[in-house]
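Here are a few notes to read alongside the model on your screen. Take them one at a time, and find each residue as you go.

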Amino acid sequence: MEIKEIGDNGVEEVPTERFRQRNNSRKISERPHYEQFDKYQSPLIARYASEEMAYNFSDRKKFSTWRQLWVWLAEAQQELGIDIKDEQISEMKKFIHKIDFDLAAQEEKLRKHDVMAHVATFAKCCPKAAPIIHLGATSCYVGDNADLIILRDGFDLLLPKLARCIHRLSVFAKEHRALPCLGFTHLQPAQLTTVGKRACLWLQDLILDINNFHRARNDLLRFRGVKGTTGTQSSFLELFKGDAEKVEELELLVSSKAGFTHSYFVTGQTYPRKVDAEVLSIFSSLGASVHKMCTDLRILSSMKEIDEPFEVKQV
């Protein structure tokens, strides 16, 4: 393969190896740096995400949740009479977090399917359980249900932090309720107000946001459930020899094990993507609240009405 670059005499053909040598004097594997510094990192993770939130959206959390979902499915099927042995479930539980990511990558290259690659990887370390892993399920049983669990867990991380922010801002508002400052309209001096009153404007927005968070966490987010390839549960009806009551009970059992009190009544292969749109809307609303508060502070700081803390060594 050749890479073209513009040289002093026009277009020059540069062999790939020369290009690599000029830009990387040593192969990545030979460099003394940490590997993460040789790859792009999103500043949203590296600079701004908490350790807990970064883990929540990590591959390890995602794929260990897939394995946990397979365990819950096997447990529920066993409880409802499917011939699954205790030793098979115990074997699966031992390897929920012990994931061979290199093997999974190799399997995906062969199978061209991420879920089946991880089924095969899980089966390699759980040979006794191999026949019952993913029994009757579809890819979205693990893919979509895991996404819903991760979203729920993300809300659980954010809700107490947002509540703490509201509490601290309410204390600040009360403390400075009588401290006068100039109010503006269209950035023009208008009337006197107080610092506490301004803080209450920000506070009111955040209270609307936390109410939206609670609604999303407790009502909007449900379990995709155990509904088969197209949402008809036909594979599970076949597994339970046409016993619809057992299929319904399987749905309730697995949902409960995953910590959900409700699942979506109707799905196709996936849970309703309208849910994702609503979650994004809720977070964009919070972003608008924070943006307004921070913009107000910056403007007031420029006019020396309110100033931000500045650490001794801060630049």
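This is a predicted model: local features need pLDDT of at least 70, side-chain atom pairs count only at pLDDT 80 or more; totals for chains, interfaces and linings use all residues.

1. The volume of the largest pocket is about 390 Å³.

2. Now find those residues. The lining of the largest pocket includes Y48, A49, S50, M53 and F57. Of the elements, α8 gives the most, with five residues.

3. Stay with α8 for a moment, since it also meets another helix. A bit of background: two packed helices are described by the angle between their axes and the distance between the axes. For helix α4 (residues 59-79) and α8, the axes come within 9 Å and cross at roughly 115 degrees. Is this crossing right-handed or left-handed? The crossing of α4 and α8 is right-handed.

4. Who touches whom here? On the α4 side, the contact is made by K61, K62, T65, W66, L69, W70, W72 and L73. On the α8 side you'll find Y141, V142, G143, N145, A146, I149, I150 and D153. Sorted by class, the residues of this α4 and α8 contact are 10 nonpolar, three polar and three charged.

5. The axes of helix α6 (residues 101-111) and helix α7 (residues 114-125) come within 8 Å, with a crossing of roughly 130 degrees. That angle is why α6 counts as oblique to α7. As for handedness, α6 passes α7 in a right-handed crossing.

6. Zoom in on that pair. From α6, the residues L103, A104, E107, E108 and R111 take part. They meet D114, M116, A117, H118, A120, T121 and K124 in α7. By class, the contact of α6 with α7 has five nonpolar, two polar and five charged residues.

7. Which residues is D205 in contact with, leaving aside its neighbours within four places in sequence? They are S289 and K292. D205 and K292 are 87 residues apart along the chain, and their C-alpha atoms are separated by 9.5 Å.

Note on methods
Residues are numbered from 1 along each chain as its sequence is written. Side-chain values use heavy atoms; hydrogens and water are left out. On a 1 Å grid over the protein atoms alone, a cavity is a set of points where a 1.4 Å probe fits but cannot get out, and a pocket is an open set with protein on both sides within 12 Å along at least five of seven lines; lining residues have an atom within 4 Å of a point. Grid points are joined across faces, edges and corners, and a volume is the space filled by probe spheres set on the points. Helices (H or I, at least four residues) and strands (E, at least two) are DSSP runs, numbered from the N terminus. Axes are lines fitted to C-alpha atoms, for helices over the stretch in contact, and angles run from 0 to 180 degrees between N-to-C directions. Angles under 35 degrees count as roughly parallel, over 145 as roughly antiparallel, 65 to 115 as roughly perpendicular and the rest as oblique. A crossing is left-handed if the near helix is turned anticlockwise from the far one by less than a right angle, and right-handed if clockwise. Contact means heavy atoms within 4.5 Å. Ala, Val, Leu, Ile, Met, Phe, Trp, Tyr, Cys and Pro count as nonpolar, Asp, Glu, Lys and Arg as charged, and the others, Gly among them, as polar.
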